[in-house]
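Biologist: I would like to learn how such a model is read, feature by feature. Could we begin with how its elements are defined?

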Amino acid sequence: MDKSKATAYWTANLKLIVSLLAIWALVSYVFGILLAPALNGIRLGGLPLGFWFAQQGSIYVFVVLIFVYAARMQRLDEQFDVHE
């Protein structure tokens with residue numbers, strides 16, 4: 001792989017990582033902590049939504065983001081011809 005192609009690959013990889021980490025931070029920190037009092041007026045499964053995000057939602061989102069990352073990286077590897 002030439003240097004420009006490797007640089008483009010890592011740039012795309014870092015953009016993906018940063019965007020997924022931003023989503024995770026939004027869900028876990030903003031929804032679970034900062035907006036929890038405002039979200040507690042909404043109930044999900046009998047629990048206040050702010051509490052749900054802090055206890056369950058951020059974990060579920062993290063697991064989904066792992067699968068999204070794996071799928072997107074597979075496409076990125078194929079695009080740059082570095083797949084197995």
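Modeller: Helices (H or I, at least four residues) and strands (E, at least two) are DSSP runs, numbered from the N terminus. Tryptophan 24, for instance, lies in helix α1. This is a predicted model, in which local features need pLDDT of at least 70 and side-chain atom pairs count only at pLDDT 80 or more, while totals for chains, interfaces and linings use all residues. Residues are numbered from 1 along each chain as its sequence is written, and side-chain values use heavy atoms, with hydrogens and water left out.

Biologist: Is tryptophan 24 buried or partly exposed?

Modeller: Buried means under 20% relative accessible area, exposed over 50%, and partly exposed in between (1.4 Å probe, protein chains only). Tryptophan 24 counts as partly exposed because its relative accessibility is 33%.

Biologist: Why does asparagine 13 count as buried?

Modeller: Asparagine 13, also found in helix α1, counts as buried because its relative accessibility is 3%. Contact means heavy atoms within 4.5 Å; leaving aside neighbours within four places in sequence, asparagine 13 is in contact with Tyr69, Met73 and Leu76.

Biologist: Which side chain of opposite charge is nearest to aspartate 77?

Modeller: Lys and Arg count as positive and Asp and Glu as negative, whereas His and the chain ends are not counted. A salt bridge is a side-chain nitrogen of Lys or Arg within 4 Å of a carboxyl oxygen of Asp or Glu. Aspartate 77, in helix α3, is buried yet has no salt bridge, the nearest side chain of opposite charge being lysine 5, 11 Å away. Not counting residues up to four places away in sequence, aspartate 77 touches Tyr9, Val82 and His83.
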